[in-house]
Amino acid sequence: MDAFVSKQILKSLVLPPAGPLIVALGGLLLALLTRWRRTGHALCALGLLILWLLATPIVADRLLRATERYRALDLEHVPPAQAVVILAGGVRLAAPEYGTAAPSLTTLQRLSYGALLARTTGLPVLVSGNGKEAAADRKSTRLNSSHITI
């Protein structure tokens, strides 16, 4: 098995929701199949509590903020740049309201903020895809036809 595949499987088993569920399931099995019932019940409760906490907006927002490394750009003091680069954030392949593919919500947020930056700074805009040449070309075409006026 490839190291990449092994890493992805391990990541899927450890990260939420699988990690806390495995702890809860292990606790349940421990309570049912061994004489360590209290320990099993405690592990089951702990796994479910962790799962619930990770699902609450307060904990999720704090964890998200902990990953943000940079402050938002101050539009009053924009550093020198040559262009506003907007990275794609995904595509909804079957958007019934458009009858074709459409930018995802993340991409639309990036396009909106990029348009604001371009209007404020007067810089040109570069829209980019995900690095795969054919997919990036299709994604850039979809992004460019998103009808956001700068």
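Residues are numbered from 1 along each chain as its sequence is written, and side-chain values use heavy atoms, with hydrogens and water left out. In this predicted model, local features need pLDDT of at least 70 and side-chain atom pairs count only at pLDDT 80 or more, whereas totals for chains, interfaces and linings use all residues.

The protein chain contains six helices and four strands; these are DSSP runs numbered from the N terminus, with helices being H or I of at least four residues and strands E of at least two. Their order along the sequence is α-α-α-α-β-β-β-α-β-α. Of the 150 residues in the protein chain, 21% count as buried, where buried means under 20% relative accessible area, exposed over 50% and partly exposed in between, with a 1.4 Å probe and protein chains only. Among the contacts in the protein chain with a separation of 6 or more, 50% are accounted for by residues 24 or more positions apart; contact means heavy atoms within 4.5 Å.

Helix H1 (residues 3-14) packs against H2 at an angle of about 65°, and their axes are 5 Å apart. Axes are lines fitted to C-alpha atoms, for helices over the stretch in contact, and angles run from 0 to 180 degrees between N-to-C directions. Ser12, Leu13 and Val14 of H1 meet Ala18, Gly19 and Ile22 of H2 in this contact. The contact of H1 with H2 comprises four nonpolar, two polar and no charged residues; Ala, Val, Leu, Ile, Met, Phe, Trp, Tyr, Cys and Pro count as nonpolar, Asp, Glu, Lys and Arg as charged, and the others, Gly among them, as polar. The loop between H1 and H2 includes Pro17, and the peptide bond from Pro16 to Pro17 is cis, with omega near 0°. Most peptide bonds are trans.

The axes of helix H2 (residues 18-33) and helix H3 (residues 37-55) come within 7 Å and cross at roughly 160°. H2 and H3 are therefore roughly antiparallel to each other, a term for angles over 145 degrees. Residues in the contact include Leu21, Ala24, Leu28 and Ala31 of H2 and Leu43, Cys44, Leu48 and Leu51 of H3. By class, the contact of H2 with H3 has 13 nonpolar, five polar and one charged residues.

Strand S1 (residues 84-87) and strand S4 (residues 125-128) run parallel and are joined by four bridges; two strands pair if DSSP finds at least two bridges between them. Val85 stands opposite Leu126 in S4. The covered face of S1 carries Val84 and Ile86, and the uncovered face carries Val85 and Leu87. In a regular strand the side chains alternate between the two faces of the sheet. Strand S2 (residues 91-95) pairs with strand S3 (residues 100-103) in the antiparallel sense over three bridges, and Arg92 has Ala102 in S3 as its bridge partner. S2 and S3 form a hairpin with four residues between them, and Gly99 in the turn has a positive phi of about 80°.

Arg110 lies in helix H5 (residues 105-121). At 37% relative accessibility, Arg110 counts as partly exposed. Leaving aside neighbours within four places in sequence, Arg110 is in contact with Ile86, Leu87, Ala88 and Gly89. Arg110 and Ile86 are 24 residues apart in sequence, and their C-alpha atoms are 6.4 Å apart in space.

Key
Angles under 35 degrees count as roughly parallel, over 145 as roughly antiparallel, 65 to 115 as roughly perpendicular and the rest as oblique.
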